[in-house]
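Please read the following note alongside the model.

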Amino acid sequence: MGKYRIRVATGDSLLAGSSNRVQLWLVGEHGEKDLGKILRPIQIREVQLEVEVSLYLGRLLLVKLRKHKSLVGFDWFCKWIAVQGPGTQGEAFFPCYRWVQGNEIICLPEGTARTMRDDPQNQFKKHREEELEERRKLYRWGFWKEGLILPIAGNTQWDLPRNERFLEDKDLDFSLSLAKVLKDLALKGTLDLTNSVRRLEDFNKVFPRGKTPLAEQVRNSWKDDALFGYQFLNGANPMLLRRSTNLPSRLVLPPEMEDLKTQLEKELQTGSLFEADFSLLDEVKPNVIIFKQQYVAAPLVMLKLQPDGRLLPMVIQLQPPRNGCPPPVLFLPSDPPMAWLLAKTWVRSSDFQLHQLQSHLLRGHLIAEVISVATMRSLPSLHPIYKVVSTGSGGHVDILQRATAGLTYRSFCPPDDLADRGLLDVKSPLYGQDALRLWGVISRRYVEKMVSLFYKSDGAVKDDPELQAWCREITETGLQGAQDRGFPISLESRAQLCHFLTMCIFTCTGQHASTHQGQLDWYSWIPNGPCTMQKPPPISKDVTEKDIVDSLPSLHQARTQKTFIKFLGRRQPVMVALGQHKENYFSDLGPQAVLKQFQEELAALDKEIEVRNAGLDLPYEYLRPSMVENSVTI
């Protein structure tokens with residue numbers, strides 16, 4: 001018996017409040033009290049109530065709520081509810097951070113994270129089961145194409161659960177910005193259809209105003225071999241380069257190129273030979289755009305690492321050898337300048353294709369979707385890991401299917417991936433340096449400390465059925481049986497759990513940022529990353545500037561590429577940086593202290609990268625913690 005003070009917080013977005021009345025219940029160890037329809041959460045960020053309760057409820061376990069609609073139902077975004085009264089030992093905190101819709105009863109457990117082992121009296125067992133049952137109805141696996149990982153069910157954003165859509169401020173910014181760029185594209189793009197590109201300089205017509213300093217450097221230096229090689233280390237797609245362990249079997253060296261073979265073998269012996277192989281694009285069906293056939297190549301690039309850290313191309317083979325056909329032409333730096341430039345441009349176009357489909361879409365967005373759906377289906381909101389993690393023509397399908405077949409667990413973990421690609425001991429990959437440092441901060445300063453708070457032994461990990469179900473849901477269901485590529489189907493130790501968790505968090509934050517943020521820098525100058533090629537790959541070295549211009553996108557295609565690169569690559573005005581989320585899912589002091597230390601470590605790393613970049617001609621910004629979004633949002 002006694003008086004309870006209740007504070008209710010509504011979200012900050014434009015339409016977070018509701019004029020509908022909300023009914024509340026307090027649920028304690030010794031009973032439950034219906035407080036009635038005491039709340040109308042109109043757009044006021046916090047409401048405070050005081051109620052007299054005639055029952056002794058004991059320690060509060062849950063707050064239940066139901067929104068009643070009158071003539072019209074208005075959704076309400078509830079951030080949290082806090083209760084102070086008899087048996088609460090201070091103020092009990094009940095996190096929500098979701099939309100309240102319809103008139104179903106929603107149960108909010110107190111914010112102390114608990115595994116099933118931490119609930120020996122099964123006080124929350126029914127709540128956990130009912131929450132997951134309801135979530136599995138709402139978050140259903142969909143299907144797109146055979147051989148691809150599973151998406152969430154739904155065809156449009158309106159098919160998604162309300163809590164997975166953008167909040168109004170971000171949705172409004174996204175919609176208005178998209179409408180503006182589409183309007184500009186329609187106006188200017190129509191004129192482009194009557195104009196043609198005659199010289200490389202004509203691409204200045206679509207070079208964006210308000211361009212980034214790095215984009216300007218790319219435009220001025222895109223023909224340089226050093227910048228060409230640099231992009232494999234630190235460009236928009238740093239995921240393809242690997243150290244050579246032998247000369248690739250597809251590289252056919254004719255007898256007259258014995259000197260080149262000797263050079264390649266020398267670099268191989270000293271460990272300075274690297275390769276970028278685009279075989280994933282081999283025999284992919286190209287698109288047809290406005291009745292004009294487009295073309296795709298599958299290049300192989302061999303590069304040497306100089307003592308000063310520069311990575312320079314040695315030879316380019318644009319297509320694999322074919323039975324019954326002459327060996328493919330090999331392009332060299334000593335070739336006529338236009339022939340060598342066209343070969344490099346083909347490589348840049350191929351890199352654009354794999355970057356967008358493999359590195360960005362598949363390894364960023366689609367994997368994050370699997371992790372998110374599996375989390376919502378397998379981990380109740382009480383679970384500590386839920387609170388840690390909740391953060392063309394058909395040719396594109398062929399590429400995604402092939403790329404999916406090659407997804408390995410190690411490739412999502414920078415320490416393993418960089419080791420497998422022979423880049424751990426190379427100093428010039430700034431992506432590699434920053435990825436390792438960010439991985440380390442996430443792992444050692446956040447994940448390991450959080451896990452140690454809730455799992456005191458390896459046995460506690462093995463004996464957590466919700467955790468094991470989550471792992472299986474990701475590997476067996478979402479990733480369609482990826483255990484044969486190293487993904488775990490069970491978690492047997494705290495170390496294994498920490499590694500898996502760090503992989504999930506890094507993939508959805510740093511890894512996505514590394515392939516998303518560089519688009520405006522590296523693709524604003526169209527010849528450095530053409531979205532398509534309009535002529536077949538060259539089979540001779542008799543090349544003119546006109547051959548290059550005719551191969552590159554039309555002015556209309558170039559403007560379309562620039563428009564969407566500028567739109568998607570812009571810094572989001574509603575952006576939450578890694579570790580800076582405002583939601584407070586934990587009520588206990590231990591996790592809050594871990595998060596605070598994590599934020600301090602991120603700030604220190606951010607400053608270190610800022611200082612380093614100040615002394616570089618080409619600063620690498622994409623993995624600065626202040627630039628990395630807290631989730632995959634666009």
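1. Basis. The model is predicted, and local features need pLDDT of at least 70, side-chain atom pairs count only at pLDDT 80 or more, while totals for chains, interfaces and linings use all residues. Residues are numbered from 1 along each chain as its sequence is written, and side-chain values use heavy atoms, with hydrogens and water left out.

2. Total. Across the whole structure, the search returns 38 salt bridges (a side-chain nitrogen of Lys or Arg within 4 Å of a carboxyl oxygen of Asp or Glu). Arg5, Arg7, Glu46 and Glu91 are joined in a network of such bridges.

3. Asp420 and Arg410. These side chains form a salt bridge with an N to O distance of 2.9 Å. Asp420 belongs to helix 9 (residues 414-420), and Arg410 to the loop between helix 8 (395-405) and helix 9; the two residues are 10 residues apart. Helices here are DSSP runs of H or I with at least four residues, numbered from the N terminus. Asp420 has a relative accessibility of 41% and so counts as partly exposed; Arg410, with a relative accessible area of 39%, is partly exposed. The classes are buried under 20% relative accessible area, exposed over 50%, and partly exposed in between, with a 1.4 Å probe and protein chains only.

4. Arg612 and Asp434. The closest N and O atoms of this salt bridge are 2.7 Å apart. Because Arg612 sits in helix 17 (residues 589-614) and Asp434 in helix 10 (residues 430-454), the pair ties together parts that are 178 residues apart in sequence. Arg612 is buried at a relative accessible area of 18%, and Asp434 is buried at 0%.

5. Asp606 and Arg624. Here a salt bridge has its closest N and O atoms 2.7 Å apart. Asp606 lies in helix 17 and Arg624 in the segment after helix 17, so the bridge ties together parts that are 18 residues apart in sequence. Is this pair, Asp606 and Arg624, buried or exposed? Both residues are buried.

6. Thr475. This residue is part of helix 12 (residues 465-478). Its relative accessibility is 0%, so Thr475 counts as buried. Which residues does Thr475 touch, not counting those up to four places away in sequence? The contacts (heavy atoms within 4.5 Å) are with Gln480, Gly481, Ala482, Gln483, Phe487, Pro488 and Ile489.
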